[in-house]
Amino acid sequence: MVNAGDMNGSGNLMDFLDEPFPDVGTYEDFNTIDWLREKSRDTDRHRKITSKSKESIWEFIKSLLDAWSGWVVMLLIGLLAGTLAGVIDLAVDWMTDLKEGVCLSAFWYSHEQCCWTSNETTFDDRDKCPKWQKWSELLVNQSEGASAYILNYFLYIMWALSFAFLAVSLVRVFAPYACGSGIPEIKTILSGFIIRGYLGKWTLLIKTVTLVLVVSSGLSLGKEGPLVHVACCCGNFFSSLFSKYSKNEGKRREVLSAAAAAGVSVAFGAPIGGVLFSLEEVSYYFPLKTLWRSFFAALVAAFTLRSINPFGNSRLVLFYVEYHTPWYMAELFPFILLGVFGGLWGTLFIRCNIAWCRRRKTTRLGKYPVLEVIVVTAITAIIAYPNPYTRRSTSELISELFNDCGALESSQLCDYINDPNMTRPVDDIPDRPAGFGVYTAMWQLALALIFKIIITIFTFGMKIPSGLFIPSMAVGAMAGRMVGIGVEQLAYHHHDWIIFRNWCRPGADCVTPGLYAMVGAAACLGGVTRMTVSLVVIMFELTGGLEYIVPLMAAAVTSKWVADAFGKEGIYEAHIHLNGYPFLDAKDEFTHRTLATDVMRPRRGEPPLSVLTQDSMTVEDVETLIKETDYNGFPVVVSKDSERLIGFAQRRELILAIKNARQRQDGVVSNSIMYFTEDPPELPANSPHPLKLRRILNLSPFTVTDHTPMETVVDIFRKLGLRQCLVTRSGRLLGIITKKDVLRHMAQMANQDPESIMFN
């Protein structure tokens, strides 16, 4: 405590924040942080550490530890995120196969692991081994026939329902924030919004467990988006261990940006794509230092996942492919067509999914989340089982669609009619006419495509962890593979056509259908999320197809153009708006010619602005003002007559300051004068002790004049991350513009309901 001596007969005076008290500088739930204040607090902290480091060896060591703490946090995030991703991959593999059968030698082995360890497995029957038994073989000793099929079908549905029921129950009871993909909320949190508990330990634990359950249940969702949420939970946990991050919300968000990169790195085995995804898609404030740290976190996470080797192929991902033929210029036309399909699918999906989610929010449907999950799971399992392409896990499906048909492939998609005289190296098989298996696969894929498109609309947004990357890629990969087979057969049967004549001679391997699947997957994912650069990098890291960057770029750009023609919002921005999060998207353009005076509060006919005076209000006056209003802060003026602006005081800090003053300072009572000036005001001799609160006053609040164009104001809010901005004329306070006022105004200008942006 600082004693300011006897002044004006007022006894002991105190500047109450000379000693910081608990919770000062923190924010309440569902509030926006003040980026400028967090930045200046970190600069002050850094300056203090630097000056102290010259005093002694111990202080110098402490300053080194502080400098290295960021890298330590990144290392820990990478290790934990990589480990969790590996465990999730292994568990999903086992539980997905558990729906169809069990390994007799070790029940914890998946089908593939069971057959690896068996000595009785032959290459031709590599999917059949005596140690792996379907449920019908185990229970009624029958592997073929109607009764065996019906029993397997029934148990498949039962397992799927039990996994989904357990997942939705865990989410509902223990961690309601563990539902959804998490990326819309993480974007909002990184823009400066506080959602307490969203990145908590319970959310981390429940999301990890339920993610395994829902992916194994066979629902049309992926684990990639939720893995970003899981990695950010790891980032939040580790940043709370270091005061540099736990006490500064701005610094914490730098860690979360890097954690998001680590999440994508382990989701796709794409460390560089992860960094670019964080930069392009989720981060709001991304300084160069965060770029390096994101890269390090993504590297450690990918290295950890590679050490666990969950897929047993020494790769980070399931989809690694190697194509043996280059692509040709004439193929750009079908690639661009796939881009158009991706853009149209993205638009259709966003509109239908948002309409369904809005219906869920505004009708009685939202009151029965468990029933909704059970019904959707039952429908998915009943329709998925008969079709081999929907029965298997979506990741395995994409992997098969991406694959090139080698000589050793046993897939239906590779059932071509071979030329008996063919003597060629195994890798370079010429184009051949399609056999019966390929035609069967084509109509099964067409049915699977229609089913996936419809069911994903209803699945994304339910009260379970649900990612969108894998279902979107599956839709594109199915469409792409069908187009690829079509082009391949066209080239085989009509190689004398002018478009094929230059590059497709008879007996040559011209067209790779797997490449079309890869391009289609990129196009559909781009159409839904509107990613471009990071998408292309993720796709080539995911598949190893470095020489196919141009087709991927062509498809990604086309898909974005087509989707943007119908609406600029990606799926994550659409969900942010649906939930009413206060998020100012840097991609949105504001082109209306309105002024600050049109948006500021108070408007004409509204009561005057609630303000504090610098040295004439009592503690009771301020407490009454706080009680009667719900504003986040109050401008401080010289007097109510002059309205000359002095600064801005936060509501939370006023409450804490008054509470602590009553507890720790003798003589502070309801009629004590509160002052924000350097020197106390002139007071009568018998006055109670005044309370000095200059330290909680922001002496440089951001101000604009009443004639500032709103285009500039919106830009200022975006680039500086402001919570509010004061409007003045010649130093006189006229009003205030908050972030929500800006969002309301933008909604109004776009002919939307201004209240739709209010967080609910």
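A disulfide is taken here as a pair of cysteine sulfur atoms within 2.5 Å. The structure is a predicted model, in which local features need pLDDT of at least 70, side-chain atom pairs count only at pLDDT 80 or more, and totals for chains, interfaces and linings use all residues. Residues are numbered from 1 along each chain as its sequence is written, and side-chain values use heavy atoms, with hydrogens and water left out.

The torsion about the S-S bond of Cys-103 and Cys-114 is about 75°, so the disulfide is right-handed. Because Cys-103 belongs to strand β1 (residues 101–103) and Cys-114 to helix α3 (residues 111–117), the pair ties together parts that are 11 residues apart in sequence. Helices (H or I, at least four residues) and strands (E, at least two) are DSSP runs, numbered from the N terminus. Both Cys-103 and Cys-114 are buried, where buried denotes under 20% relative accessible area, exposed over 50%, and partly exposed in between (1.4 Å probe, protein chains only).

Two further cysteines were examined. For Cys-233, the closest cysteine sulfur is that of Cys-234, at 7.0 Å, which is too far for a bond; Cys-233 is buried, with a relative accessible area of 1%. For Cys-524, the closest cysteine sulfur is in Cys-352, at 14 Å, again too far for a bond. Cys-524 is buried as well, its relative accessible area being 0%.

The protein contains 28 helices and 12 strands. Its C-alpha trace spans about 110 × 60 × 55 Å along the principal axes. Of the 760 residues, 55% are buried. Among contacts (heavy atoms within 4.5 Å) between residues at least 6 apart in sequence, 73% join residues at least 24 apart.

Nonpolar cores were defined as sets of buried Ala, Val, Leu, Ile, Met, Phe, Trp, Tyr and Cys residues joined through side-chain atoms within 4.5 Å. The largest nonpolar core has 154 residues, of which Phe-268, Phe-277, Phe-402, Ile-464, Met-473, Met-518 and Met-539 touch the most other members. With residues up to four places away in sequence not counted, Met-539 touches Phe-402, Met-473, Met-518, Ala-521, Ala-522 and Leu-552. Another core, of 20 residues, lies apart from it and includes Leu-612, Phe-634, Leu-654 and Met-674.

Rings of Phe, Tyr and Trp (its six-membered ring) were paired if their centres lie within 6.5 Å, with planes under 30 degrees apart counted as stacked, over 60 as edge-to-face and the rest as tilted. On this basis, 23 aromatic pairs were found in the whole structure. Tyr-153 and Tyr-385 form a stacked pair, at 4.8 Å centre to centre and with 20° between the planes. The pair links distant parts of the chain, 232 residues apart: Tyr-153 is in helix α5 (residues 146–174), and Tyr-385 is in the loop between α14 (369–384) and α15 (388–391). Tyr-153 and Tyr-385 are both buried. The pair of Trp-159 and Phe-163 is tilted, because the ring centres are 5.6 Å apart and the planes are at 45°. Trp-159 and Phe-163 are 4 residues apart in helix α5, a separation of about one helical turn. Trp-159 counts as partly exposed at 26% relative accessibility, whereas Phe-163 counts as buried at 6%. One aromatic cluster is formed by Trp-94, Phe-107, Trp-108 and Tyr-109.

A charge was taken to sit over a ring if NZ of Lys or CZ of Arg is within 6 Å of the ring centre and within 35 degrees of the ring normal. Arg-391 lies over the face of Tyr-385, at 4.1 Å from the ring centre. Arg-293 lies over the face of Trp-71, at 5.3 Å from the ring centre.

Leu-90 is located in helix α2 (residues 57–98) and, at 34% relative accessibility, counts as partly exposed. Apart from neighbours within four places in sequence, Leu-90 contacts Gln-113, Ile-308 and Pro-310. The C-alpha atoms of Leu-90 and Asn-660 are 53 Å apart, and the two residues are 570 apart in sequence.

For "domain: CBS", an unreviewed UniProt entry lists residues 600–664 and 697–755; UniProt positions are given in the numbering used here, feature names are shortened, and annotations may be inferred rather than shown by experiment. Residues 600–664 are 37% helix and 23% strand, and the end C-alpha atoms of this span lie 39 Å apart. Residues 697–755 are 37% helix and 31% strand, with end C-alpha atoms 31 Å apart.
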